[in-house]
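Work through the exercises below with the model open beside you. Try each task before you read its solution.

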Amino acid sequence: MKRFTWEMMRAIIFLAYSIGLIILFGSFLQQQNGIRMHDTVTPLSISGTISADGGPFQDIQDTDWHTQNVRSVIVTGFFNQNITDGNSLILWPRNLRVKIYVNGIEKVSTGQREEFPDFIEYAGNSYQIFYIGDISTTDEIRMEVEKAYASCRINVIDSFFENLYTGREGDVYHSILSQEMLHLMISLGLMIIGFLVLIASVLQHFTQFNHIRQIYYLGWFCLVGGISYASDSSYEFIDLIFPYPVTNTLIDLCSIPLLLLIFLFYITNVVKSRQAKRFMNWATTFFAVIEAIPVILQFLGIQDMHIFQDQYVFMGGFIILLSISAITYELIAHRNNEMRKVLISITPFVIALLLKIVDTALENGVERTYIRIGILVSCIMLLHDTFKHIRRSMELLEQEQQIKQEMQNAHAAIMLSQIQPHFLYNALNTLQHICKKDGALAAEAIDHFSKYLRGNMDSLMADRPIPFEDELEHIKHYIYIEQLRFGDRVRVEYNLEVLNFCVPTLTLQPIVENAIRHGITKQAEGGVVQISTRQAEDDIWIIIADNGVGMDQDYSKKNDRSHIGIENVRKRLALQSNGTLSIISSKESGTKVIIHLKGAGDKKNESNGC
(Lines give C-alpha, C1' and ligand atoms only; values in the text may rest on other atoms or scores of the structure.)
Protein backbone atom coordinates (compact mmCIF):
# COMPACT_ATOMS: atom_id res chain seq x y z
CA MET A 1 0.00 0.00 0.00
CA LYS A 2 2.83 2.39 0.89
CA ARG A 3 4.59 1.72 -2.40
CA PHE A 4 1.33 2.19 -4.34
CA THR A 5 0.71 5.54 -2.62
CA TRP A 6 4.24 6.75 -3.42
CA GLU A 7 3.95 5.73 -7.07
CA MET A 8 0.53 7.39 -7.36
CA MET A 9 1.85 10.67 -5.92
CA ARG A 10 4.80 10.60 -8.28
CA ALA A 11 2.48 9.98 -11.24
CA ILE A 12 0.26 12.91 -10.26
CA ILE A 13 3.26 15.23 -9.89
CA PHE A 14 4.64 14.25 -13.28
CA LEU A 15 1.21 14.56 -14.92
CA ALA A 16 0.79 18.10 -13.57
CA TYR A 17 4.26 19.15 -14.67
CA SER A 18 3.81 17.52 -18.06
CA ILE A 19 0.70 19.61 -18.66
CA GLY A 20 2.64 22.69 -17.59
CA LEU A 21 5.45 21.84 -19.98
CA ILE A 22 3.04 21.33 -22.87
CA ILE A 23 1.56 24.77 -22.25
CA LEU A 24 5.05 26.22 -21.87
CA PHE A 25 6.26 24.79 -25.16
CA GLY A 26 3.06 26.07 -26.75
CA SER A 27 3.88 29.56 -25.57
CA PHE A 28 7.39 29.08 -26.95
CA LEU A 29 5.95 28.38 -30.40
CA GLN A 30 3.90 31.57 -30.16
CA GLN A 31 6.77 33.94 -29.42
CA GLN A 32 5.95 37.60 -29.97
CA ASN A 33 7.47 40.95 -29.15
CA GLY A 34 5.46 42.35 -26.25
CA ILE A 35 1.99 41.56 -24.92
CA ARG A 36 -1.14 40.94 -26.99
CA MET A 37 -3.57 43.45 -25.52
CA HIS A 38 -7.33 42.98 -25.20
CA ASP A 39 -9.66 44.70 -27.64
CA THR A 40 -10.42 47.40 -25.05
CA VAL A 41 -6.77 48.47 -25.25
CA THR A 42 -6.30 49.85 -28.76
CA PRO A 43 -2.98 50.31 -30.56
CA LEU A 44 -1.68 53.78 -31.40
CA SER A 45 0.39 54.86 -34.36
CA ILE A 46 1.83 58.20 -35.33
CA SER A 47 2.07 59.76 -38.78
CA GLY A 48 4.51 62.53 -39.58
CA THR A 49 8.27 62.88 -39.87
CA ILE A 50 11.24 61.16 -38.26
CA SER A 51 14.88 62.03 -37.67
CA ALA A 52 17.32 59.20 -36.91
CA ASP A 53 20.51 60.00 -35.00
CA GLY A 54 20.21 63.74 -35.62
CA GLY A 55 19.74 63.42 -39.38
CA PRO A 56 17.24 65.30 -41.52
CA PHE A 57 13.52 64.84 -40.95
CA GLN A 58 11.83 62.59 -43.48
CA ASP A 59 8.33 61.25 -43.87
CA ILE A 60 7.87 58.12 -41.74
CA GLN A 61 6.18 56.28 -44.59
CA ASP A 62 8.93 57.11 -47.11
CA THR A 63 12.00 56.13 -45.10
CA ASP A 64 13.31 52.77 -43.85
CA TRP A 65 14.69 53.70 -40.44
CA HIS A 66 13.99 50.31 -38.78
CA THR A 67 17.56 49.33 -38.02
CA GLN A 68 19.23 48.07 -34.88
CA ASN A 69 22.14 50.49 -35.35
CA VAL A 70 19.97 53.57 -34.76
CA ARG A 71 20.79 55.09 -31.34
CA SER A 72 18.03 57.73 -31.14
CA VAL A 73 15.05 59.04 -33.10
CA ILE A 74 12.84 62.12 -32.96
CA VAL A 75 9.31 61.74 -34.31
CA THR A 76 6.88 64.61 -34.91
CA GLY A 77 3.32 64.18 -36.11
CA PHE A 78 -0.15 63.17 -34.99
CA PHE A 79 -1.75 60.14 -33.35
CA ASN A 80 -4.12 58.13 -35.52
CA GLN A 81 -6.93 58.34 -32.92
CA ASN A 82 -8.09 60.43 -29.99
CA ILE A 83 -7.17 59.68 -26.38
CA THR A 84 -10.32 60.54 -24.43
CA ASP A 85 -12.79 59.28 -21.81
CA GLY A 86 -10.14 58.95 -19.13
CA ASN A 87 -7.93 56.59 -21.16
CA SER A 88 -4.18 56.51 -20.58
CA LEU A 89 -1.13 56.33 -22.82
CA ILE A 90 0.59 52.92 -22.55
CA LEU A 91 4.31 52.65 -23.43
CA TRP A 92 6.95 49.92 -23.36
CA PRO A 93 10.19 51.92 -23.02
CA ARG A 94 12.62 49.11 -22.13
CA ASN A 95 16.21 50.36 -22.06
CA LEU A 96 15.00 53.66 -23.51
CA ARG A 97 14.98 57.28 -22.42
CA VAL A 98 11.73 58.77 -23.66
CA LYS A 99 10.21 62.25 -23.69
CA ILE A 100 6.82 63.04 -25.22
CA TYR A 101 5.54 66.53 -25.90
CA VAL A 102 1.96 67.52 -26.76
CA ASN A 103 1.69 70.89 -28.50
CA GLY A 104 5.16 71.75 -27.18
CA ILE A 105 4.33 70.86 -23.55
CA GLU A 106 6.22 67.97 -21.96
CA LYS A 107 3.76 65.30 -20.89
CA VAL A 108 5.93 62.19 -20.44
CA SER A 109 9.52 61.82 -19.28
CA THR A 110 10.77 58.36 -18.36
CA GLY A 111 14.05 56.52 -18.18
CA GLN A 112 16.13 59.67 -17.80
CA ARG A 113 19.57 59.31 -16.26
CA GLU A 114 18.72 61.43 -13.23
CA GLU A 115 15.96 59.01 -12.26
CA PHE A 116 18.44 56.31 -11.27
CA PRO A 117 21.29 55.98 -8.73
CA ASP A 118 24.81 56.78 -9.88
CA PHE A 119 25.83 53.11 -10.04
CA ILE A 120 23.25 52.10 -12.68
CA GLU A 121 22.51 53.53 -16.11
CA TYR A 122 18.97 52.27 -16.50
CA ALA A 123 16.40 50.16 -14.68
CA GLY A 124 13.00 48.78 -15.61
CA ASN A 125 11.71 46.85 -18.61
CA SER A 126 7.97 46.89 -17.99
CA TYR A 127 5.04 48.61 -19.61
CA GLN A 128 4.35 52.07 -18.22
CA ILE A 129 1.01 53.82 -17.97
CA PHE A 130 0.63 57.62 -18.18
CA TYR A 131 -2.53 59.64 -17.83
CA ILE A 132 -1.90 62.77 -19.91
CA GLY A 133 -5.45 64.01 -20.41
CA ASP A 134 -7.46 64.20 -23.61
CA ILE A 135 -5.51 64.28 -26.85
CA SER A 136 -7.06 64.66 -30.29
CA THR A 137 -5.75 63.72 -33.72
CA THR A 138 -5.02 67.44 -34.36
CA ASP A 139 -2.67 67.83 -31.39
CA GLU A 140 0.99 67.93 -32.43
CA ILE A 141 3.06 65.14 -30.92
CA ARG A 142 6.83 65.10 -30.53
CA MET A 143 8.60 61.96 -29.30
CA GLU A 144 12.30 61.87 -28.39
CA VAL A 145 13.46 58.27 -27.98
CA GLU A 146 17.07 57.31 -27.15
CA LYS A 147 18.68 53.99 -26.23
CA ALA A 148 20.16 53.87 -22.75
CA TYR A 149 22.80 51.44 -24.05
CA ALA A 150 24.37 51.72 -27.47
CA SER A 151 24.99 47.96 -27.48
CA CYS A 152 21.33 46.86 -27.21
CA ARG A 153 21.14 43.57 -29.07
CA ILE A 154 17.37 43.78 -29.54
CA ASN A 155 15.86 46.63 -31.55
CA VAL A 156 14.12 48.25 -28.61
CA ILE A 157 13.15 51.37 -30.61
CA ASP A 158 11.09 49.26 -33.00
CA SER A 159 9.53 47.50 -30.02
CA PHE A 160 8.61 50.85 -28.51
CA PHE A 161 6.65 52.05 -31.53
CA GLU A 162 5.04 48.65 -32.04
CA ASN A 163 3.71 48.69 -28.47
CA LEU A 164 2.01 52.09 -28.23
CA TYR A 165 -1.52 51.75 -26.85
CA THR A 166 -4.34 53.69 -25.31
CA GLY A 167 -6.79 52.29 -22.80
CA ARG A 168 -7.66 52.03 -19.15
CA GLU A 169 -5.11 50.93 -16.57
CA GLY A 170 -7.21 48.00 -15.35
CA ASP A 171 -7.56 46.63 -18.88
CA VAL A 172 -3.77 46.72 -19.28
CA TYR A 173 -3.25 44.71 -16.10
CA HIS A 174 -5.93 42.25 -17.19
CA SER A 175 -4.32 41.82 -20.62
CA ILE A 176 -0.89 41.17 -19.15
CA LEU A 177 -2.06 38.85 -16.38
CA SER A 178 -4.18 36.75 -18.73
CA GLN A 179 -1.06 35.93 -20.79
CA GLU A 180 1.54 35.76 -18.05
CA MET A 181 -0.46 33.98 -15.33
CA LEU A 182 0.87 30.56 -16.31
CA HIS A 183 4.48 31.74 -16.10
CA LEU A 184 3.82 33.47 -12.79
CA MET A 185 2.26 30.32 -11.35
CA ILE A 186 5.19 28.17 -12.53
CA SER A 187 7.79 30.59 -11.15
CA LEU A 188 5.86 30.98 -7.89
CA GLY A 189 5.55 27.18 -7.67
CA LEU A 190 9.32 26.78 -8.10
CA MET A 191 9.99 29.38 -5.41
CA ILE A 192 7.55 27.74 -3.00
CA ILE A 193 9.09 24.31 -3.67
CA GLY A 194 12.56 25.76 -3.16
CA PHE A 195 11.49 27.39 0.10
CA LEU A 196 9.95 24.13 1.35
CA VAL A 197 13.06 22.18 0.36
CA LEU A 198 15.21 24.68 2.27
CA ILE A 199 13.02 24.19 5.33
CA ALA A 200 13.46 20.43 4.90
CA SER A 201 17.24 20.90 4.67
CA VAL A 202 17.16 22.78 7.99
CA LEU A 203 14.96 20.17 9.65
CA GLN A 204 17.20 17.33 8.46
CA HIS A 205 19.94 18.57 10.80
CA PHE A 206 17.71 17.50 13.67
CA THR A 207 17.26 14.03 12.17
CA GLN A 208 19.53 11.25 10.97
CA PHE A 209 19.54 12.63 7.39
CA ASN A 210 22.13 15.36 7.84
CA HIS A 211 24.35 13.68 5.25
CA ILE A 212 21.99 14.59 2.38
CA ARG A 213 23.55 18.03 1.77
CA GLN A 214 22.42 18.23 -1.86
CA ILE A 215 18.91 18.97 -0.53
CA TYR A 216 20.21 22.36 0.64
CA TYR A 217 21.64 23.32 -2.75
CA LEU A 218 18.61 21.91 -4.56
CA GLY A 219 16.37 24.17 -2.47
CA TRP A 220 18.37 27.25 -3.43
CA PHE A 221 18.49 26.12 -7.06
CA CYS A 222 14.66 25.91 -7.18
CA LEU A 223 14.21 29.19 -5.30
CA VAL A 224 16.65 31.22 -7.41
CA GLY A 225 15.48 29.33 -10.50
CA GLY A 226 11.91 30.48 -9.80
CA ILE A 227 13.10 34.10 -9.43
CA SER A 228 15.09 33.86 -12.66
CA TYR A 229 12.11 32.23 -14.39
CA ALA A 230 9.85 35.11 -13.31
CA SER A 231 12.40 37.71 -14.46
CA ASP A 232 12.75 36.05 -17.85
CA SER A 233 9.10 35.25 -18.50
CA SER A 234 7.27 38.26 -17.02
CA TYR A 235 9.68 41.15 -17.39
CA GLU A 236 7.10 43.08 -19.48
CA PHE A 237 5.17 44.05 -16.38
CA ILE A 238 7.12 42.95 -13.28
CA ASP A 239 7.72 46.60 -12.29
CA LEU A 240 3.96 47.13 -12.30
CA ILE A 241 3.58 44.48 -9.57
CA PHE A 242 6.75 45.39 -7.63
CA PRO A 243 7.34 49.13 -8.22
CA TYR A 244 11.09 49.02 -7.51
CA PRO A 245 12.71 49.00 -10.97
CA VAL A 246 16.31 49.34 -9.73
CA THR A 247 15.97 46.37 -7.37
CA ASN A 248 14.12 44.33 -9.98
CA THR A 249 16.76 45.04 -12.61
CA LEU A 250 19.63 44.09 -10.31
CA ILE A 251 17.82 40.86 -9.39
CA ASP A 252 17.31 40.13 -13.09
CA LEU A 253 21.00 40.75 -13.87
CA CYS A 254 22.28 38.70 -10.92
CA SER A 255 19.81 35.79 -10.94
CA ILE A 256 21.40 33.77 -13.75
CA PRO A 257 25.01 34.08 -12.43
CA LEU A 258 23.79 33.21 -8.93
CA LEU A 259 21.85 30.25 -10.33
CA LEU A 260 24.99 29.01 -12.11
CA LEU A 261 27.02 29.37 -8.89
CA ILE A 262 24.45 27.35 -6.91
CA PHE A 263 24.48 24.80 -9.71
CA LEU A 264 28.26 24.44 -9.33
CA PHE A 265 27.92 24.04 -5.55
CA TYR A 266 25.35 21.31 -6.16
CA ILE A 267 27.68 19.39 -8.48
CA THR A 268 30.60 19.88 -6.05
CA ASN A 269 28.52 18.30 -3.31
CA VAL A 270 27.27 15.44 -5.48
CA VAL A 271 30.66 14.17 -6.70
CA LYS A 272 32.50 11.93 -4.23
CA SER A 273 36.04 11.31 -5.46
CA ARG A 274 38.85 13.58 -4.30
CA GLN A 275 39.93 14.39 -7.85
CA ALA A 276 36.44 15.45 -8.92
CA LYS A 277 35.88 17.50 -5.75
CA ARG A 278 39.25 19.23 -6.14
CA PHE A 279 38.44 20.16 -9.74
CA MET A 280 34.94 21.38 -8.81
CA ASN A 281 36.27 23.47 -5.91
CA TRP A 282 38.68 25.15 -8.31
CA ALA A 283 36.00 25.72 -10.97
CA THR A 284 33.51 27.09 -8.42
CA THR A 285 36.07 29.49 -6.92
CA PHE A 286 37.13 30.72 -10.35
CA PHE A 287 33.52 31.22 -11.40
CA ALA A 288 32.69 33.11 -8.18
CA VAL A 289 35.63 35.47 -8.79
CA ILE A 290 34.84 36.25 -12.43
CA GLU A 291 31.14 36.74 -11.60
CA ALA A 292 31.94 38.99 -8.64
CA ILE A 293 33.98 41.39 -10.77
CA PRO A 294 31.05 42.82 -12.81
CA VAL A 295 28.94 43.07 -9.63
CA ILE A 296 31.67 45.11 -7.91
CA LEU A 297 32.13 47.29 -11.00
CA GLN A 298 28.36 47.83 -11.11
CA PHE A 299 28.06 49.08 -7.54
CA LEU A 300 31.18 51.22 -7.90
CA GLY A 301 29.55 52.89 -10.90
CA ILE A 302 32.47 51.95 -13.16
CA GLN A 303 30.73 49.61 -15.60
CA ASP A 304 27.08 48.60 -16.00
CA MET A 305 26.48 44.85 -15.86
CA HIS A 306 23.94 45.10 -18.67
CA ILE A 307 26.67 45.76 -21.22
CA PHE A 308 28.59 42.56 -20.46
CA GLN A 309 25.60 40.40 -19.54
CA ASP A 310 26.03 38.05 -22.48
CA GLN A 311 29.78 37.78 -21.91
CA TYR A 312 29.68 36.70 -18.27
CA VAL A 313 26.79 34.33 -18.91
CA PHE A 314 28.85 32.85 -21.75
CA MET A 315 31.83 32.42 -19.40
CA GLY A 316 29.61 30.89 -16.75
CA GLY A 317 28.11 28.50 -19.28
CA PHE A 318 31.60 27.46 -20.37
CA ILE A 319 32.61 26.65 -16.77
CA ILE A 320 29.35 24.71 -16.31
CA LEU A 321 30.26 22.61 -19.34
CA LEU A 322 33.69 21.95 -17.80
CA SER A 323 32.01 20.84 -14.59
CA ILE A 324 30.17 18.16 -16.55
CA SER A 325 33.56 16.52 -17.07
CA ALA A 326 33.84 15.99 -13.29
CA ILE A 327 30.56 14.08 -13.26
CA THR A 328 31.59 12.09 -16.35
CA TYR A 329 34.95 11.27 -14.74
CA GLU A 330 33.27 10.00 -11.59
CA LEU A 331 30.80 7.97 -13.64
CA ILE A 332 33.49 6.30 -15.76
CA ALA A 333 36.56 6.16 -13.52
CA HIS A 334 34.82 5.39 -10.21
CA ARG A 335 31.73 3.67 -11.63
CA ASN A 336 29.43 5.78 -9.50
CA ASN A 337 26.08 5.00 -11.10
CA GLU A 338 24.37 7.79 -9.16
CA MET A 339 26.22 10.22 -11.43
CA ARG A 340 24.27 8.92 -14.42
CA LYS A 341 21.02 10.17 -12.87
CA VAL A 342 22.60 13.52 -12.00
CA LEU A 343 23.97 13.88 -15.52
CA ILE A 344 20.56 13.17 -17.05
CA SER A 345 18.83 15.59 -14.67
CA ILE A 346 21.11 18.56 -15.36
CA THR A 347 21.22 18.00 -19.13
CA PRO A 348 18.15 20.21 -19.89
CA PHE A 349 19.68 23.15 -18.05
CA VAL A 350 23.05 22.66 -19.78
CA ILE A 351 21.35 22.42 -23.19
CA ALA A 352 19.46 25.64 -22.39
CA LEU A 353 22.76 27.39 -21.65
CA LEU A 354 24.20 26.15 -24.94
CA LEU A 355 21.15 27.37 -26.83
CA LYS A 356 21.44 30.74 -25.13
CA ILE A 357 25.09 31.01 -26.16
CA VAL A 358 24.26 30.06 -29.75
CA ASP A 359 21.25 32.38 -29.77
CA THR A 360 23.40 35.25 -28.53
CA ALA A 361 25.81 34.68 -31.40
CA LEU A 362 22.95 34.52 -33.95
CA GLU A 363 21.04 37.44 -32.33
CA ASN A 364 17.64 35.76 -32.48
CA GLY A 365 16.30 37.17 -29.21
CA VAL A 366 14.38 34.15 -27.81
CA GLU A 367 17.03 32.94 -25.37
CA ARG A 368 14.78 33.72 -22.40
CA THR A 369 12.52 30.83 -23.39
CA TYR A 370 15.49 28.45 -23.59
CA ILE A 371 16.65 29.34 -20.09
CA ARG A 372 13.28 29.03 -18.39
CA ILE A 373 12.48 25.71 -20.06
CA GLY A 374 15.90 24.38 -18.99
CA ILE A 375 15.41 25.60 -15.42
CA LEU A 376 11.94 24.09 -15.17
CA VAL A 377 12.83 20.67 -16.60
CA SER A 378 16.05 20.31 -14.58
CA CYS A 379 14.29 21.33 -11.36
CA ILE A 380 11.62 18.69 -11.94
CA MET A 381 14.17 15.96 -12.66
CA LEU A 382 16.44 16.92 -9.75
CA LEU A 383 13.47 17.02 -7.40
CA HIS A 384 12.40 13.59 -8.62
CA ASP A 385 15.86 12.09 -8.09
CA THR A 386 16.21 13.76 -4.68
CA PHE A 387 12.82 12.48 -3.54
CA LYS A 388 13.84 8.98 -4.60
CA HIS A 389 17.08 9.42 -2.65
CA ILE A 390 15.13 10.53 0.42
CA ARG A 391 12.80 7.58 0.01
CA ARG A 392 15.74 5.16 -0.07
CA SER A 393 17.23 6.86 2.98
CA MET A 394 13.95 6.56 4.83
CA GLU A 395 13.79 2.87 3.97
CA LEU A 396 17.36 2.42 5.24
CA LEU A 397 16.45 4.28 8.42
CA GLU A 398 13.46 1.99 8.92
CA GLN A 399 15.71 -1.03 8.40
CA GLU A 400 18.23 0.42 10.86
CA GLN A 401 15.54 0.98 13.48
CA GLN A 402 14.22 -2.53 12.86
CA ILE A 403 17.64 -4.07 13.27
CA LYS A 404 18.30 -2.04 16.41
CA GLN A 405 14.99 -3.20 17.81
CA GLU A 406 15.82 -6.78 16.98
CA MET A 407 19.21 -6.39 18.65
CA GLN A 408 17.64 -4.88 21.75
CA ASN A 409 15.12 -7.71 21.93
CA ALA A 410 17.81 -10.35 21.49
CA HIS A 411 20.59 -9.42 23.95
CA ALA A 412 20.63 -12.91 25.34
CA ALA A 413 21.01 -14.44 21.89
CA ILE A 414 23.81 -12.02 21.03
CA MET A 415 25.57 -12.85 24.29
CA LEU A 416 25.39 -16.54 23.52
CA SER A 417 26.64 -15.98 19.98
CA GLN A 418 29.67 -14.01 21.20
CA ILE A 419 30.50 -15.67 24.53
CA GLN A 420 30.08 -19.36 23.95
CA PRO A 421 29.34 -21.44 27.08
CA HIS A 422 31.88 -24.03 25.98
CA PHE A 423 34.58 -21.34 25.87
CA LEU A 424 33.76 -20.15 29.39
CA TYR A 425 33.77 -23.73 30.65
CA ASN A 426 37.08 -24.55 28.97
CA ALA A 427 38.65 -21.24 30.04
CA LEU A 428 37.73 -21.84 33.68
CA ASN A 429 39.11 -25.38 33.52
CA THR A 430 42.35 -24.01 32.10
CA LEU A 431 42.59 -21.37 34.82
CA GLN A 432 41.94 -24.01 37.49
CA HIS A 433 44.73 -26.15 36.07
CA ILE A 434 47.21 -23.23 35.92
CA CYS A 435 46.41 -22.14 39.47
CA LYS A 436 47.70 -25.45 40.76
CA LYS A 437 51.04 -25.10 38.91
CA ASP A 438 51.95 -21.42 38.43
CA GLY A 439 50.39 -18.71 40.55
CA ALA A 440 51.98 -15.78 38.64
CA LEU A 441 50.82 -17.16 35.30
CA ALA A 442 47.37 -17.78 36.75
CA ALA A 443 47.14 -14.15 37.92
CA GLU A 444 48.11 -12.93 34.46
CA ALA A 445 45.59 -15.30 32.82
CA ILE A 446 42.82 -14.15 35.15
CA ASP A 447 43.62 -10.53 34.27
CA HIS A 448 43.25 -11.29 30.54
CA PHE A 449 40.07 -13.28 31.18
CA SER A 450 38.48 -10.48 33.23
CA LYS A 451 39.37 -7.90 30.58
CA TYR A 452 37.90 -10.17 27.93
CA LEU A 453 34.63 -10.49 29.86
CA ARG A 454 34.52 -6.77 30.56
CA GLY A 455 35.02 -6.04 26.85
CA ASN A 456 32.13 -8.32 25.94
CA MET A 457 29.82 -6.75 28.49
CA ASP A 458 30.78 -3.20 27.45
CA SER A 459 30.24 -4.06 23.79
CA LEU A 460 26.64 -5.06 24.43
CA MET A 461 25.93 -1.51 25.61
CA ALA A 462 27.70 0.19 22.68
CA ASP A 463 25.55 1.50 19.82
CA ARG A 464 28.28 2.92 17.60
CA PRO A 465 31.63 1.81 16.11
CA ILE A 466 34.78 1.83 18.23
CA PRO A 467 38.46 2.34 17.30
CA PHE A 468 39.95 -0.72 15.63
CA GLU A 469 42.81 -0.72 18.14
CA ASP A 470 40.30 -1.24 20.98
CA GLU A 471 38.68 -4.12 19.10
CA LEU A 472 42.13 -5.59 18.43
CA GLU A 473 43.05 -5.35 22.12
CA HIS A 474 39.89 -7.25 23.02
CA ILE A 475 40.59 -10.08 20.58
CA LYS A 476 44.16 -10.41 21.91
CA HIS A 477 42.74 -11.23 25.35
CA TYR A 478 40.67 -13.99 23.77
CA ILE A 479 43.65 -15.33 21.79
CA TYR A 480 45.83 -15.33 24.93
CA ILE A 481 43.36 -17.64 26.70
CA GLU A 482 43.05 -19.95 23.69
CA GLN A 483 46.85 -20.19 23.45
CA LEU A 484 46.94 -21.22 27.11
CA ARG A 485 44.66 -24.15 26.22
CA PHE A 486 46.16 -25.23 22.90
CA GLY A 487 49.74 -24.03 23.18
CA ASP A 488 51.67 -23.95 19.89
CA ARG A 489 48.68 -25.37 18.01
CA VAL A 490 47.23 -21.83 17.95
CA ARG A 491 49.51 -19.33 16.26
CA VAL A 492 48.49 -15.81 15.29
CA GLU A 493 50.27 -13.48 12.88
CA TYR A 494 49.57 -9.79 12.47
CA ASN A 495 50.13 -7.75 9.32
CA LEU A 496 48.56 -4.41 10.21
CA GLU A 497 49.31 -1.68 7.67
CA VAL A 498 46.63 0.65 9.03
CA LEU A 499 45.08 0.97 12.51
CA ASN A 500 43.42 4.39 12.54
CA PHE A 501 39.82 3.53 11.65
CA CYS A 502 36.63 2.32 13.36
CA VAL A 503 34.63 -0.91 13.36
CA PRO A 504 31.44 -2.12 15.07
CA THR A 505 32.01 -3.77 18.42
CA LEU A 506 32.70 -7.54 18.50
CA THR A 507 33.56 -7.61 14.80
CA LEU A 508 36.73 -9.73 15.04
CA GLN A 509 35.87 -12.14 17.85
CA PRO A 510 33.27 -14.34 16.09
CA ILE A 511 35.51 -14.59 13.04
CA VAL A 512 38.71 -15.39 14.96
CA GLU A 513 36.80 -17.79 17.23
CA ASN A 514 35.48 -19.65 14.16
CA ALA A 515 38.98 -19.78 12.68
CA ILE A 516 40.35 -21.33 15.88
CA ARG A 517 37.45 -23.56 16.90
CA HIS A 518 36.30 -24.81 13.47
CA GLY A 519 39.53 -24.36 11.56
CA ILE A 520 43.04 -24.83 12.92
CA THR A 521 42.25 -26.78 16.10
CA LYS A 522 40.51 -29.45 14.04
CA GLN A 523 43.99 -30.42 12.84
CA ALA A 524 46.39 -32.34 15.05
CA GLU A 525 49.24 -29.95 14.29
CA GLY A 526 47.08 -26.85 14.66
CA GLY A 527 47.60 -23.89 12.33
CA VAL A 528 48.00 -20.17 11.84
CA VAL A 529 45.46 -17.36 11.93
CA GLN A 530 46.54 -14.22 10.05
CA ILE A 531 44.95 -10.86 10.84
CA SER A 532 45.75 -8.20 8.23
CA THR A 533 44.63 -4.67 7.41
CA ARG A 534 45.33 -2.50 4.40
CA GLN A 535 44.05 0.71 2.85
CA ALA A 536 43.20 1.43 -0.80
CA GLU A 537 42.34 5.11 -1.33
CA ASP A 538 39.53 5.79 1.18
CA ASP A 539 38.57 2.14 1.72
CA ILE A 540 39.81 -0.20 4.47
CA TRP A 541 40.19 -3.96 4.09
CA ILE A 542 40.43 -6.42 7.02
CA ILE A 543 41.41 -10.00 6.19
CA ILE A 544 41.25 -12.87 8.71
CA ALA A 545 42.68 -16.01 7.14
CA ASP A 546 43.49 -19.46 8.56
CA ASN A 547 45.06 -22.61 7.14
CA GLY A 548 42.63 -24.92 8.92
CA VAL A 549 40.31 -27.61 7.60
CA GLY A 550 38.05 -25.14 5.74
CA MET A 551 34.38 -25.68 5.04
CA ASP A 552 32.05 -26.13 2.10
CA GLN A 553 30.25 -23.19 0.52
CA ASP A 554 26.81 -24.08 1.90
CA TYR A 555 27.85 -23.00 5.41
CA SER A 556 25.27 -20.20 5.30
CA LYS A 557 22.48 -22.80 5.27
CA LYS A 558 23.47 -24.01 8.70
CA ASN A 559 21.94 -22.51 11.81
CA ASP A 560 24.43 -23.09 14.62
CA ARG A 561 25.50 -20.28 16.89
CA SER A 562 28.82 -19.62 15.16
CA HIS A 563 27.15 -18.84 11.86
CA ILE A 564 24.50 -16.74 13.60
CA GLY A 565 27.38 -14.71 15.05
CA ILE A 566 28.90 -14.21 11.58
CA GLU A 567 25.57 -13.06 10.16
CA ASN A 568 25.20 -10.68 13.09
CA VAL A 569 28.60 -9.18 12.26
CA ARG A 570 27.60 -8.85 8.61
CA LYS A 571 24.44 -6.91 9.49
CA ARG A 572 26.21 -4.58 11.90
CA LEU A 573 28.95 -3.86 9.36
CA ALA A 574 26.38 -2.85 6.75
CA LEU A 575 24.38 -0.81 9.24
CA GLN A 576 27.11 1.03 11.14
CA SER A 577 30.15 1.17 8.85
CA ASN A 578 28.90 0.88 5.25
CA GLY A 579 30.83 -2.40 5.21
CA THR A 580 30.53 -5.82 3.66
CA LEU A 581 31.71 -9.27 4.75
CA SER A 582 32.57 -12.09 2.36
CA ILE A 583 33.93 -15.60 3.01
CA ILE A 584 36.15 -17.68 0.78
CA SER A 585 36.61 -21.29 1.94
CA SER A 586 36.88 -24.85 0.73
CA LYS A 587 37.56 -28.20 2.35
CA GLU A 588 41.21 -28.78 3.43
CA SER A 589 42.20 -25.31 2.08
CA GLY A 590 41.44 -23.02 4.98
CA THR A 591 39.14 -20.05 5.23
CA LYS A 592 39.52 -16.37 4.45
CA VAL A 593 37.08 -13.72 5.71
CA ILE A 594 37.29 -10.33 3.96
CA ILE A 595 35.76 -7.22 5.49
CA HIS A 596 35.48 -4.15 3.23
CA LEU A 597 34.81 -0.78 4.94
CA LYS A 598 33.91 1.80 2.30
CA GLY A 599 35.20 5.29 3.03
CA ALA A 600 36.56 4.34 6.46
CA GLY A 601 40.00 5.68 5.57
CA ASP A 602 38.82 9.18 4.71
CA LYS A 603 40.82 11.97 6.38
CA LYS A 604 37.78 13.14 8.31
CA ASN A 605 37.64 9.77 10.09
CA GLU A 606 41.27 9.75 11.18
CA SER A 607 40.65 11.37 14.56
CA ASN A 608 39.54 8.03 16.06
CA GLY A 609 36.46 9.77 17.41
CA CYS A 610 34.20 7.24 15.67
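**Exercise 1: A salt bridge inside a helix**

Asp447 has a relative accessibility of 34%, so it counts as partly exposed (buried is under 20% relative accessible area, exposed over 50%, partly exposed in between, with a 1.4 Å probe and protein chains only). This is a predicted model: local features need pLDDT of at least 70, side-chain atom pairs count only at pLDDT 80 or more, and totals for chains, interfaces and linings use all residues. Residues are numbered from 1 along each chain as its sequence is written, and side-chain values use heavy atoms, with hydrogens and water left out.

Task: Find the residue that forms a salt bridge with Asp447, and say where the two lie.

Solution:
- Step 1. The partner is Lys451, with the closest N and O atoms 3.3 Å apart. A salt bridge needs a side-chain nitrogen of Lys or Arg within 4 Å of a carboxyl oxygen of Asp or Glu.
- Step 2. Both residues lie in helix α13 (residues 439–461). Helices (H or I, at least four residues) and strands (E, at least two) are DSSP runs, numbered from the N terminus.
- Step 3. Asp447 and Lys451 are 4 residues apart, about one turn of the helix. An α-helix has 3.6 residues a turn, so residues three or four places apart point the same way.
- Step 4. Lys451 is partly exposed, at 35% relative accessibility.

**Exercise 2: A salt bridge across the chain**

Task: Which parts of the chain does the salt bridge of Asp538 and Arg274 link?

Solution:
- Step 1. The side chains of Asp538 and Arg274 meet at 3.0 Å, N to O.
- Step 2. Asp538 is in the loop between β14 (527–536) and β15 (539–546), while Arg274 is in helix α7 (residues 274–299). They are 264 residues apart.
- Step 3. Arg274 has a relative accessible area of 40%, so it is partly exposed.

**Exercise 3: Thr591 and its partner**

Task: Is Thr591 buried or exposed, and which residue is its bridge partner?

Solution:
- Step 1. Thr591 is in strand β17. Its relative accessibility is 12%, so it is buried.
- Step 2. Its bridge partner is Ser585. The strands β16 and β17 run antiparallel and are joined by 7 bridges; strands pair if DSSP finds at least two bridges between them.
- Step 3. The side chains of Thr591 and Ser585 also make a polar contact of 2.8 Å (a pair of N or O atoms within 3.5 Å; within protein, one must be able to donate a hydrogen and the other to accept it, and residues adjacent in sequence count only if both atoms are side-chain atoms).
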